[in-house]
Amino acid sequence: MNRIEGQISGIQVSGSLSLVSVDCKGILLKSIIIDTPDTSDYLATGTKVQLLFKETEIVIAKPGVREISLQNRILAVISAIKQGDLLCSVILESDLGTLEAIISTNAVADLSLQPGIEVLAMIKLNEIMLSPC
Amino acid sequence: MITAQFNKKLWSAQGGMQLDIQMELQQGECLTLYGDSGAGKTSALRILSGLLQPDSGRIEVGGETWYDSGKNINLPPQKRNIGYVFQDYALFPNLTARENIAFGLRKGESSALLEELITITSLGELQHKKPGQLSGGQQQRVALARALVRQPKLLLLDEPMSALDHLTRSHLQDFILEARQRYGFTVILVSHDLGEIIKLSDRVAVLGNGVISREGSPAQVFMQHKISGKFQFSGKILGIEQQEVVWIVTLLIGANLVKVVVTEKEIQGLSIGDQVIVASKAFNPILQKIRDL
Amino acid sequence: MLEGTPLKITFELAAVTTVLLFFVSVPLAFWLSSSRSRIKPVIETLVSMPLVLPPTVLGFYFLLAFSPSNSFGQWLDEWLGIQLIFSFPGLVVASMIYSLPFMVHPIQSGLASLPPSLKEASYLLGKSRTTTLLKILLPNIKSSLLTGIVLSFAHTVGEFGVVLMIGGNIPGETRVASIAIYDQVEALNYGAANYYSMVLFAITFSILLLVYLVNGGYLKKFWK
């Protein structure tokens, strides 16, 4: 599980859903959750939270990709790749700390990913869980 | 309202231990005592029930003093009106299920409650059998009904379901919830089963080395962090196997086996037998209606 | 036909002793099985003494204690009108003490073998110690009770030394079968000795056999 720390900078509520924007060292990451400031008291601007998401939910793209629906993007550099037959574990170093991504070995080859390359790690907003620190 | 504070020096194979407990319960609340074996959970129940005398302290239940070392008050178990379900059920082998339950009735007391308890524990068919002819779950139901026949203010459950299979356990938990609503007694439960604790208790007190080290709602106590994921279950790790760069963990959640993929970093610190919380976002699971056959 | 004969006295003595002993031993065994008192080891030792002590030792002290020339014997005689020396009541008292371990031990170990939670569950249901003992504990140690009763009975039947010392050998009063056998052998009257011996052998054998059959569950089919 990847963990990133940040501070809630905005909450948009609709019914029982909230779209929470979290400022992580200047990078804005968004998460959609089934909770509102009424049901969870930690949901307030300024609260420090952790963003939790599974390694398998990270999408890796080469920088420069523009037209894609994923808006949570973190610029990172690959520091290591552990190879399996089908899956690879890609270790990424970013301003927000070390991240791990599990993607297919095929994709690693297709994108010719290797340590030292700069990539964009992207996460869908419905894959991020919040946990108050 | 129950307030209790007591001390007792306990001796075990590991040496001496000072039991020092302080607790407060609201009427109708269910508190679970959780902790390693030998942490003093059973001793705490025995002290509350009067089977074991503490070295000092005070126990007050609903305005009535049960024990006060300062005033030399120590009500015997007979006068404390407690429902107690023992780990081994302690059913009387010479009496039938019905006689076991009726044994707790006071002289001249009507048997209306007896009939009611036999009905809600579904013991009607079995009431004339002796405990030796009953299965573990059936014996457990008799023990529960017997504990309730004196309409206790406080029900103490000492790992009551540890020896039962999952389905039986689940039925009994439902019964305890139902009975609690019906009769309004307060419960103190000793349990190791995370699912059971979350289902039954309002509050958990973690007992370690004779003292309560942590206290709070089951969620507060058992989840290191509150997680917003709505798809949450507690389960037990049955198997761990490495597949390439990930590990596949087999979990028992309720009566279902599920598998979860985790990474190397997470697998450290997890081992077979561990109780875990499984969390995911409500956005991920898909639902498919099971066709009626 | 048995009027006043040694056999009748023997079985009368055994029956009376066993019944009285039962009522004394149940509370004593209950206390021993549940007490943590400091004097418990002393009491336990005293109860077991008849197992190892020669019966003559016991008889000798009885004789001293109950003798009318002694203050205790005198008190008994004056206030209660009981003379324990050379009388049937004296035999009963001596036999009770002599057979005490045979009744107390089986009952005590029977009670100790029950899980303590049975007793505790009964207390928590508001029942007193007596009710718990009578309604819960004793019904669950029936075979121990039977063993205690039968062993005490058989042991009293087989008694010799204590009976001889405290009862004397008064025909029709204190002469029991075991002493009669000795007398007949002394008188070289082997036929009569054989008769008493055969009867004692047959009866004690049957009683013990019955206990083993019952406790071993061999008779279950018939008695349910």
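View 1. In chain C, 74% of the contacts with a separation of 6 or more are made by residues 24 or more positions apart, where two residues are in contact if their C-beta atoms, placed from the backbone, lie within 7 Å. This is a predicted model, in which local features need pLDDT of at least 70 and side-chain atom pairs count only at pLDDT 80 or more, whereas totals for chains, interfaces and linings use all residues. Residues are numbered from 1 along each chain as its sequence is written, while chains are lettered from A and ligands numbered from 1 in the order in which they are written. Of the 224 residues in chain C, 36% are buried, a residue being buried if 20 or more other C-beta atoms lie within 10 Å of its own, exposed if 12 or fewer, and partly exposed in between, with C-beta atoms placed from the backbone.

View 2. Chain C holds twelve helices and zero strands, with helices (H or I, at least four residues) and strands (E, at least two) taken as DSSP runs and numbered from the N terminus. The C-alpha atoms of chain C fill a box of roughly 65 × 50 × 30 Å along the principal axes. An unreviewed UniProt entry places the feature "domain: ABC transmembrane type-1" at residues 7-211 of chain C; UniProt positions follow the numbering used here, feature names are shortened, and annotations may be inferred rather than shown by experiment. Over residues 7-211, chain C is 79% helix and 0% strand, and the end C-alpha atoms lie 22 Å apart.

**View 3. Overall build of chain B.** Chain B contains eight helices and 15 strands, and its C-alpha atoms fill a box of roughly 70 × 50 × 35 Å, taken along the principal axes. Buried residues account for 35% of the 293 residues of chain B, and 65% of the chain B contacts with a separation of 6 or more come from residues 24 or more positions apart.

**View 4. B:L177 in helix α5.** B:L177 belongs to helix α5 of chain B, which spans residues 166-183. B:L177 counts as partly exposed because it has 14 C-beta neighbours inside 10 Å. Between B:L177 and B:K199 the C-alpha to C-alpha distance is 8.8 Å, at a sequence separation of 22 residues.

**View 5. The contact of chain B with chain A.** Chain B brings 16 residues to this contact and chain A brings 22 residues. On the side of chain B that touches chain A, the residues divide into seven nonpolar, four polar and five charged, with Ala, Val, Leu, Ile, Met, Phe, Trp, Tyr, Cys and Pro counted as nonpolar, Asp, Glu, Lys and Arg as charged, and the others, Gly among them, as polar.
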